[in-house]
Amino acid sequence: MNERNQNFELANPNPEFLIKSIAEQGYSLETALADLMDNSITANASRIEVLTNIEEEPFTLFLSDNGDGMSKETLKRNMHFPSKSPEDSRESNDLGRFGLGLKTASFSQTRAFTVLSRKKGTSIFSGLTWDVKHLKDTGKWEIIINSEDEISDIIDKYNNISNSHLNSSNDFIPNTIIVWRGLYKFENFLDVKNKQNALKEEITNTTSEYLSIVFHKFIERETNRLDIRINNTMVKPFNPFPIENSNLRALEPLQKEFGEDIVKIQGFVLPNTSIKETKENSNPWTPQNKSLMDMEGLYIYRADRLILFGGWNGLIKKMPRLQLGRLKIDIGNKVDHLFHLNVAKSQINIPHDLKNSFLRAIVDLKMEAQKEYFNHGLKTFTQKPSEQSSQLFYKTASNKGVLLRINDDFPLLKSLKSSLNNKQKAELNFILKMSSNLINKVRQVDNVEITGNVEKDGISIDEIVKSINELLKLGMSKQQIKKDILPNLGVNSNAHEEISNLLN
């Protein structure tokens, strides 16, 4: 059809309706603030401050950072819908996605927000405001340009609120300040006190905890460290993979080429003891308001920023026996479109090409997590049958699987032991115990740790000490004994003072 002969009708959207629809992108207060902080991190901020004023209505929230800031033209461009294409190439530290985060995150919480910014090293702020009431009154897509007096008034209020909280700081120089005037999700309360308490709870607990997890890698850095403060209280990082804790077990890592990036996948198994430890307020495995089951599942990092955590994203179901399993996945920011990352950066779809790799890693993790969940210490469920006394080995069921044991009543072995002196008998018990654990290890059953109970272990700590002394006399080094002998014997050298003193 000839385009010149066609008639057209303008279909400009109603600004008020479209803004309110765009804002419904699945944001909560904490995910909205995290989205704004992504921009601060991309702008090389080393410090981000969140301040709230709940003493007067409408409630006001400020988010500021000391990053690179924006010139007047850059600010204008970033306040447009959208400010960049999701298909644009990005620097490795760019946490943006659609160029919508500033606007959608803000409008998800407020109906009017202002952004003040200046280039780092300069003194004059520029200010622009989006206000739904103005859009409704005019019916036009207009951004309000803030006057110098308005900007000065906002900065004064910001400083006053900062000073009204404890631990105010005079060494912080913000270059960008975002102001949310009125938090409409907290307006539907009849009692003002209930409004205040609800926001205080949301900011102090839920939001602080969320940010401590999502940005933990940035907060933990030794160089280019990020500090986040909420109402002048520092957010402490929570690392769901406390590698420094020797009881956290890492599984074999996997790598998968995907698009222009490499996706790294690695399972981690928490120790069974964490089930008991998480009942305490402070523990390395869960933040204060979450359980092990809340934290079980996938942890998808995008350029060091945690996008998704807890749950299996529909791949498998949550269940108590998997609560010790966590799967860490690292992706870059060049394959966002393939993961269908949503605007709020809170949901992700795993591409079909990667599902098999994810499922393979999950199968291995499930097996190890379930094994750890049920295997808290060794428990033997059956006793050695007397009729098997003619067998050198016998089988016994345990919660670590079927174990092979050396039969002390085997005739030749029994005869041999009776002919030996105490020193020789200790050396033989030492060899037999090590052999038994090695056999079970080859059969993929964990070594049984020596406890010091002779009746249970079949060997005493004193016998082990005597045998270690003999090995030392025969020229074996302490390092060799710690590295090669004790692990196969099932001995933790630091768990027994006599052995620790001997080898350290």
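Two strands count as paired if DSSP finds at least two bridges between them, and strands (E, at least two residues) and helices (H or I, at least four) are DSSP runs numbered from the N terminus. Strand β1 (residues 47-53) runs parallel to β7 (residues 227-230), with four bridges. With β2 (residues 60-65), β1 pairs in the antiparallel sense over six bridges, and V50 stands opposite L63 there. A hairpin of six residues links β1 to β2.

Seven of the seven residues of β1 are buried, so the strand is largely enclosed by the rest of the structure. Buried here means under 20% relative accessible area (exposed is over 50%, partly exposed in between; 1.4 Å probe, protein chains only).

## About the model

This is a predicted model, in which local features need pLDDT of at least 70 and side-chain atom pairs pLDDT 80 or more, while totals for chains, interfaces and linings use all residues. Residues are numbered from 1 along each chain as its sequence is written, and side-chain values use heavy atoms, leaving out hydrogens and water.

## The nonpolar cores

A nonpolar core is a set of buried Ala, Val, Leu, Ile, Met, Phe, Trp, Tyr and Cys residues joined through side-chain atoms within 4.5 Å. The largest one has 57 residues, and W180, F215 and I228 have the most contacts inside it. Helix α2 (residues 29-42) gives the most to this core, with seven residues. Apart from it lies another core of 19 residues, including I265 and L315.
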